[in-house]
Amino acid sequence: MNATVLTFTGVPAATIAARRRRTRDVYVLGETLFVDAVQRERRRADRTATPFAVLVLDMTHTRGSAPWPSVLRAAAAVRRDVDAVGWLEADAVLGILLPDVTLTCAMRVMRHLRRHLSQHLGEAASGVVSMRLYIHGLELDAEGPALPPVDLLLDAFAPERAHVASAAAKRALDVVGSAALLLLFSPVMLVAWALVKWTSKGPALFRQSRIGRRGEPFTMLKFRSMRVDAGHAVHDDYVTWFITASGKEPRKDGVVYKLTNDPRITPVGNVLRKTSLDELPQFFNVLRGEMSLVGPRPPLPSEVDMYQPWHRRRVLEAKPGITGLWQVNGRSRTTFDEMVRMDLQYARTRTLWGDLKILAATPFAMVKGAA
C-alpha cells in the first residue's frame with residue numbers, strides 16, 4: 001500500500017512535526033474533522049441506504065506511554081483507499097472509518113489489524129489495545145456478537161457534548177416544569193384516576209416498556225385507556241402499515257395517519273386520549289430523568305425493530321418527550337417519515353427557547369386534536 005503523509009489537524013505545530021518524524025506514513029485526522037467525517041458518512045449512508053462501520057482502538061488507560069507510532073503503521077497497513085483514520089480523542093482513542101463495507105469485510109479488517117498489531121508490538125504489548133467495531137445499517141447474524149451502533153460512538157465524542165450549560169438548562173426546565181405541572185394538574189389526575197378505576201376493571205395506571213435515548217428501555221406511565229383483556233393485534237397491524245407504508249402511498253387530503261375507532265378503548269379512555277390527559281402521569285417519568293418535557297415520542301421495542309437505519313436516530317439523538325414538533329405541527333396528519341424528520345430537526349436545532357415555544361403551542365394542539 002502506498003504511504004501517505006502524516007497530518008494532524010487542530011494540534012500545535014511542534015507536536016505535528018514530532019509526530020511526522022515518528023510515523024511518516026499515516027494520514028490522521030484531528031478529533032473535530034474525524035467526527036465530522038463520521039457524521040457526514042452517516043447522513044450519506046441514510047440517503048443511499050448503504051452500510052458503514054467504525055473500528056475504534058482505545059488506549060485511554062495507557063495515556064502518555066502508548067506505542068501510537070506502531071499502532072498507526074498497523075492501521076495504515078489495513079486501511080483501504082476509501083477509509084479514513086482519525087482521532088476521537090488525541091493520543092487515546094483512534095478510529096478507522098470503513099464506508100460501504102459488509103459485516104464480513106469489517107470483521108476481516110479487525111482481524112487483520114490485530115495480526116499487524118501483534119507483528120508491530122508483539123503479542124503481549126498488542127493486548128493493551130482495546131478494539132471495538134461500531135456499525136450502521138449492517139445486518140447482524142443472529143448467532144454472532146452484538147455490536148453497538150455508530151450513533152452511540154457519536155453520542156460519546158460529538159462536539160455537542162461540550163454544551164453542558166444547555167443540557168443543564170433543559171434538565172432544570174424539565175424538573176421545575178414537571179413538578180409545577182404535576183401540582184397544577186393533580187386535581188385532574190385524581191379525577192382521571194378515579195374514573196378509570198371505577199368504570200372498568202384493572203389498574204388505573206398503565207405501565208409499558210418504551211425505548212428511550214441511546215436505545216435504552218424504560219417503563220412509561222399512562223392512565224389506562226383500554227380494557228385490560230384487550231389484545232395488541234389491531235395496534236400491531238396499524239403500526240406495521242404506518243411505518244412500512246410511509247412515503248410509498250399517495251397522500252390524500254383529509255387522510256388521518258392515526259388509529260381511529262379502536263374497539264379496545266373504553267369510553268373514559270376515549271376522552272382521555274382525545275384530550276391527551278392520559279399522558280399526564282409521564283411527568284413522573286420526566287422527574288426521574290427518563291423523559292423530557294419536549295422531545296420525540298418514545299416508541300415500543302417492536303416498532304424500533306421495523307425501523308430503517310435512519311429512523312433509529314430519533315431514539316438516539318434526543319431524550320424522548322411528552323410533546324414535540326410532531327405534536328404541535330403535524331400530530332396525526334403526517335406520515336411516519338415526516339414525523340421522523342421533525343424529530344431529527346428538533347434534535348439538530350433544539351434550544352431552551354425552542355422548547356418553551358413548543359410547550360406554549362401544546363395546549364392549542366391538544367384542543368385542536370380533541371375537536
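**Entry 1: ground rules**

I number residues from 1 along each chain as its sequence is written, and my side-chain values use heavy atoms, with hydrogens and water left out. Since the model is predicted, local features need pLDDT of at least 70 and side-chain atom pairs count only at pLDDT 80 or more, while totals for chains, interfaces and linings use all residues.

I took helices (H or I, at least four residues) and strands (E, at least two) as DSSP runs, numbered from the N terminus. I call a residue buried under 20% relative accessible area, exposed over 50%, and partly exposed in between (1.4 Å probe, protein chains only).

**Entry 2: salt bridges**

Side chains of opposite charge can pair when their charged atoms come close. I counted a salt bridge where a side-chain nitrogen of Lys or Arg is within 4 Å of a carboxyl oxygen of Asp or Glu. How many salt bridges does the structure hold? I found ten.

I looked up Lys-222 and found a salt bridge with Glu-279, with 3.9 Å between the closest N and O atoms. This pair links distant parts of the chain, 57 residues apart: Lys-222 is in strand β7 (residues 217–223), and Glu-279 is in the loop between α9 (267–275) and α10. Both Lys-222 and Glu-279 are buried.

Glu-279 also forms a salt bridge with Arg-297, where the closest N and O atoms are 3.0 Å apart. Arg-297 lies in the loop between β8 (292–294) and α11, and Glu-279 in the loop between α9 and α10, so this pair ties together parts that are 18 residues apart in sequence. I noted a relative accessible area of 14% for Arg-297, which is buried, and 16% for Glu-279, which also counts as buried.

My next pair was Asp-343 and Arg-314, a salt bridge whose closest N and O atoms are 2.7 Å apart. Asp-343 sits in helix α13 and Arg-314 in the loop between α11 and β9, so the pair ties together parts 29 residues apart in sequence. Asp-343 is buried at 6% relative accessible area, and Arg-314 counts as buried at 4%.

Which residues do salt bridges with shared partners join into one network? They are Lys-222, Asp-278, Glu-279 and Arg-297.

**Entry 3: aromatic pairs**

I paired rings of Phe, Tyr and Trp (its six-membered ring) if their centres lie within 6.5 Å; planes under 30 degrees apart count as stacked, over 60 as edge-to-face and the rest as tilted. My search of the whole structure found three aromatic pairs.

One of them is Phe-242 with Phe-336, edge-to-face, at 5.7 Å centre to centre and 75° between the planes. Phe-242 lies in helix α8 (residues 233–244) and Phe-336 in helix α13 (residues 336–349), so the pair ties together parts that are 94 residues apart in sequence. Is Phe-336 buried or exposed? Phe-336 is buried, with a relative accessible area of 3%.

Tyr-307 and Phe-336 make a tilted pair, 5.4 Å centre to centre with 45° between the planes. Tyr-307 is in the loop between α11 (301–304) and β9 (321–323) and Phe-336 in helix α13, so this pair ties together parts 29 residues apart in sequence. I found Tyr-307 buried at 6% relative accessibility and Phe-242 buried at 11% relative accessible area. Phe-242, Tyr-307 and Phe-336 form one aromatic cluster.

**Entry 4: surface patches**

I built patches from residues with over 30% relative accessible area and no salt bridge, joining like charges within 9 Å and nonpolar side chains (Val, Leu, Ile, Met, Phe, Trp, Tyr) within 5 Å. Accessible areas come from the Shrake-Rupley method with a 1.4 Å probe; for residues, only the protein chains shown count as cover. Lys and Arg count as positive and Asp and Glu as negative, with His and the chain ends not counted. I took the place of a charge as NZ of Lys, CZ of Arg, CG of Asp or CD of Glu.

Arg-40, Arg-43, Arg-47 and Arg-348 form a positive patch. Helix α2 (residues 31–48) gives the largest share, three residues. Arg-47 is in helix α2 and is exposed at 65% relative accessible area.

Val-175, Val-176, Phe-284 and Leu-287 make a nonpolar patch of about 320 Å². The elements giving two or more residues to this patch are α7 (164–199) and α10 (282–287).

**Entry 5: positive phi**

Most residues other than glycine have a negative phi. Ala-49 is not a glycine, yet has a positive phi of about 55°. Ala-49 is in the loop between α2 and β2 (52–58). Asp-100 has a positive phi near 50° and lies in the loop between β4 (93–99) and α4 (103–121).
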